[in-house]
Amino acid sequence: MITTELVFVRHGEAQCNVDGLVGGPRTCTGLTNRGYDQVERAAHRLAAEHHQRPFDALYCGPRLRLIQTGEIFSQALRLPLSTDVRLDGPVHGDADGKPWPEVKTAADGGPHAHPDTPWALGSDTWNGYLARAGGLLSQLIAEHEGDRVLFAAHGETVIAAHTLLLGIPLGAPAGFTVTHGSITCWQHHRNRLDQTRWILDRHNDTSHQLLPATEEAS
């Protein structure tokens, strides 16, 4: 049987994504029109799921693009939205608001290239972020044992969840694609022998984004 279920949806396309800027907490200006459409499509699908298997809680991180995404889910599912700093993305330090190509050139690559080295003054290291985010996710999972929980999340949060629940060593060279508006689902299973394990049920599911607007809205 499934006990706890965690459903992560990456926020829709944000203006900082389009502009190629580091979208930290000081400079995130929220979703684009396309981003809103992506989130609305995800919300339509999640509302149908919610009718069959209700969510118990809805969370988002504190950055504007996550709050806007979470608010759409809250309205569609009629579920209160909780903003939790434990779901914030990486700390970018002095890179906040700068063009990613400039930041990556100065750091000799992006955050993953040198995972134990900050990519800007005052930034996280990639491994440091994964360790911190994994620990914070563990807290949230423990608080919601037995619940079905929905997260409006950063792509990095999804990667942190995979790292935690798959037991991936920090610094592993492989990664995961996490598309705007995509759905990822982890389920905690318990069998008749009282044995438990986490199972990745869905990753980067964007099938709802591919439907024509008329069919999606039906």
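In which strand does Q187 lie?

1. Q187 belongs to strand 5 (residues 183–190); strands here are DSSP runs of E of at least two residues, helices are runs of H or I of at least four residues, and both are numbered from the N terminus. The model is predicted, so local features need pLDDT of at least 70 and side-chain atom pairs count only at pLDDT 80 or more, while totals for chains, interfaces and linings use all residues. Residues are numbered from 1 along each chain as its sequence is written, and side-chain values use heavy atoms, with hydrogens and water left out.

2. Q187 is buried, at a relative accessible area of 8% (buried means under 20%, exposed over 50% and partly exposed in between, with a 1.4 Å probe and protein chains only). Leaving aside residues up to four places away in sequence, Q187 touches I2, T4, E5, R197, W198, I199 and D201, where contact means heavy atoms within 4.5 Å.

3. Helix 5 (residues 126–143) packs against helix 6 (residues 155–166) at an angle of about 75°, and their axes are 8 Å apart. Axes are lines fitted to C-alpha atoms, for helices over the stretch in contact, and angles run from 0 to 180 degrees between N-to-C directions. The two helices are therefore roughly perpendicular (65 to 115 degrees). Helix 5 contributes W126, Y129, L130, A133, G134, L137, S138 and I141 to the contact, and helix 6 contributes E156, T157, I159, A160, A161, T163, L164 and L165. These residues divide into 11 nonpolar, four polar and one charged; Ala, Val, Leu, Ile, Met, Phe, Trp, Tyr, Cys and Pro count as nonpolar, Asp, Glu, Lys and Arg as charged, and the others, Gly among them, as polar.

4. The largest pocket has a volume of about 540 Å³. A pocket is an open set of points on a 1 Å grid over the protein atoms alone, where a 1.4 Å probe fits, with protein on both sides within 12 Å along at least five of seven lines; lining residues have an atom within 4 Å of a point. Of its 25 lining residues, R10, N17, W100, H112 and E156 are the closest to the centre. Helix 6 gives the most to this lining, with three residues.

5. The second largest pocket holds about 250 Å³, a volume being the space filled by probe spheres set on the points, which are joined across faces, edges and corners. Its lining comprises 16 residues, with W126, A172, P173, A174 and G175 nearest the centre. Here helix 5 gives the most, with three residues, and the lining includes no charged residues.

How values were computed:
Angles under 35 degrees count as roughly parallel, over 145 as roughly antiparallel, 65 to 115 as roughly perpendicular and the rest as oblique.
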